[in-house]
Amino acid sequence: MTHKLSKSKILSGIQCPKRLWLEVHRPDLLEYDQSTLARMNSGHQVGELACIYLAPGGQYIGLENGFGHALEETGKLLDSDAPKPLYEATFAHDGVLVRSDIVIPTKSGLLVTEVKSSTSVKQYHLWDCAVQYMVINGLGRNVRGIQVATIDSSFVYPGDGDYQGLMRVEDVTDEVLKLQPEIHEWTRQCLDTLQGAIPEVDPGVHCTTPFGCPFSEICAPEDGPEFPLECLPRIRDHLLEQLRQEGFQDIRDIPEDRLQSSNHERVRRVTVSGRPELLPGAESTLGSLPYPRYFLDFETAQLAVPVWAGTRPYQQLPFQWSCHVEDAPGRIRHLEFLDLTGDSPLLEFARSLIAACGQSGPIFVYGNFEARILRELMAMFPDLTAWLDGLVQRIVDVLPIVRQHYYHPHMYGSWSIKAVLPCLAPDLDYSRLDGVQDGGQAQEAYAEAVDPKTTSHRKKELQRNLSAYCKMDTLALVKIIEALSGNK
């Protein structure tokens, strides 16, 4: 029998029928970005640990010999005289195939555990579990209960490979049973979708929720507005829908008295004019600050499974800093730190930063990220608290200054440094960098660089890419402040 659907395909169909159709009929167009692939790899690592700690002594059901063999092996092992826990147990019913992360046979039925690398149970996790229940129960096998295992973000890794307590388990059986009528209907709709022509679905919130769609470029309208309504900062869904119902598609179409938010009106006004707006005040605020001046940026890694003692899951752990130092107007030098050994970089990161930033002079950052990381380092290294707190007290956050004083139509409603820089300093271009062009790619490059399987040649290449990217971030700060100070 051909299995037309899996639980992942059904979840895709719930999110968007067009996505489901393309996944099945045009898999050649499917292209996951690096962040999605990294998330998948992280999920595999969490899954392996869940098997060890939640259901030790089990047997893995592989796919080396195809799905048919996996189905047969699952049934044989569950019906044996001494059944053991199964990892990736495989079931099929009515054209739907599922693989369950952990299935524990008990005298009263099967206990099914779905393992997730998130820190809480999400709605789509319940859908996932509901599909599994539908299939396993449909085969006549009694499901005693279904639970979801997630990461406990309060877990502190003690070291020595001890991950007891990393995961917490939540019973979701009642919610799964309540979802059965909907899941059966959604499954029917998914099967109908696959039998017809490609569905016509307009882009919307479903393109990014709960997951980014790998087909988004296919669905993007070729003749869409130059300044879509989504460029209004933090626009709420109900206002977005109201404006569309009133016939507006481009920000420039909205009349002057329609928007109540002063920030929305500002974006509309500047976009209509087509000219950037620099309000007075930024020059005097920045010009009064003394020298030396420090321009600082951090890069961090977030690991679902912590590898350094004393750290937590998904804690943002710094492994790199870049600092441009302006000792006097126009006299600039660059300092940096980057640890790719795979050992904990935290203590040396803190010590080297303290030495680089001296004891006086403003430290420019873009957002509150660096201050938050410094405060976490204080908690980890109490003997450095006074020094690190001294750095925090010197921080000047450039983001609110830019947000208050500057807007350019081609920022498209964003004040991120990636949106502001091309407008204030077009000679700097992140797209020209090799390999690492944003923070997500920096995390992925770090993970690859510290992987023991990475060759020395590749590691040196990643080191160059990471260094160039972080250096660009702090040079961007220099250029932004020059422009706002009237020194461009």
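This is a predicted model: local features need pLDDT of at least 70, side-chain atom pairs count only at pLDDT 80 or more; totals for chains, interfaces and linings use all residues.
Mentor: Start with a rule: helices (H or I, at least four residues) and strands (E, at least two) are DSSP runs, numbered from the N terminus.

Trainee: How many helices and strands does the chain have?

Mentor: It has 17 helices and 14 strands. The C-alpha trace spans about 80 × 60 × 40 Å along its principal axes. Of the 488 residues, 48% count as buried.

Trainee: Back to E88. Why is E88 called partly exposed?

Mentor: Buried means under 20% relative accessible area, exposed means over 50%, and partly exposed lies in between (1.4 Å probe, protein chains only). E88 has 22% relative accessibility, so it counts as partly exposed.

Trainee: What makes the phi of E88 worth a note?

Mentor: It is near 60°, a positive value in a residue other than glycine. D160 also has a positive phi, of about 60°, and is not a glycine. D160 sits in the loop between β6 (143-151) and β7.

Trainee: Is D160 buried or exposed?

Mentor: Its relative accessibility is 82%, so D160 counts as exposed. Compare L317 in strand β10, residues 316-328. L317 has a relative accessible area of 4%, so it is buried. L317 and P306 are eleven residues apart in sequence, with 9.9 Å between their C-alpha atoms.

Trainee: How do you know that strand β5 is mostly covered?

Mentor: Seven of the seven residues of β5 (109-115) are buried.

Trainee: What makes β4 and β5 a pair?

Mentor: Two strands pair if DSSP finds at least two bridges between them. Five bridges join β4 (residues 96-106) to β5, and the two run antiparallel. They form a hairpin with two residues between them. V103 has V112 of β5 as its bridge partner.

Trainee: How many bridges link β5 and β6, and in which sense do they pair?

Mentor: There are six bridges, in the parallel sense. T113 has Q147 in β6 as its bridge partner.

Trainee: How do you know that D79 and R141 form a salt bridge?

Mentor: A salt bridge is a side-chain nitrogen of Lys or Arg within 4 Å of a carboxyl oxygen of Asp or Glu. For D79 and R141 the N to O distance is 3.1 Å, so they form a salt bridge. The pair links distant parts of the chain, 62 residues apart: D79 is in the loop between α4 (66-78) and β3, and R141 in the loop between α5 (123-138) and β6. D79 has 54% relative accessibility, so it counts as exposed. R141 has 22%, so it counts as partly exposed.

Trainee: Which residue forms a salt bridge with R458?

Mentor: That is E461, with the closest N and O atoms 2.9 Å apart. Both lie in helix α17 (residues 456-484), three residues apart, about one turn of the helix. A separate network joins K7, E114, K116 and D128 through salt bridges that share partners. The whole structure holds 24 salt bridges.

Trainee: Why are E170, D171, D174 and E175 called a patch of negative charge?

Mentor: Patches are made of residues with over 30% relative accessible area and no salt bridge, like charges being joined within 9 Å and nonpolar side chains (Val, Leu, Ile, Met, Phe, Trp, Tyr) within 5 Å. Asp and Glu count as negative, Lys and Arg as positive; His and the chain ends are not counted. E170, D171, D174 and E175 gather in such a patch on the surface. β7 (167-171) and α6 (173-195) each supply at least two of its residues. D174, in helix α6, has 53% relative accessibility, so it counts as exposed.

Trainee: What makes the peptide bond from T209 to P210 stand out?

Mentor: It is cis, with omega near 0°. P210 is in the loop between α6 and α7 (216-219). The bond from Y291 to P292 is cis too, with omega near 0°. P292 is in the loop between α10 (282-287) and β9 (293-302).

Definitions and conventions. Residues are numbered from 1 along each chain as its sequence is written. Side-chain values use heavy atoms; hydrogens and water are left out. Accessible areas come from the Shrake-Rupley method with a 1.4 Å probe; for residues, only the protein chains shown count as cover. The place of a charge is taken as NZ of Lys, CZ of Arg, CG of Asp or CD of Glu.
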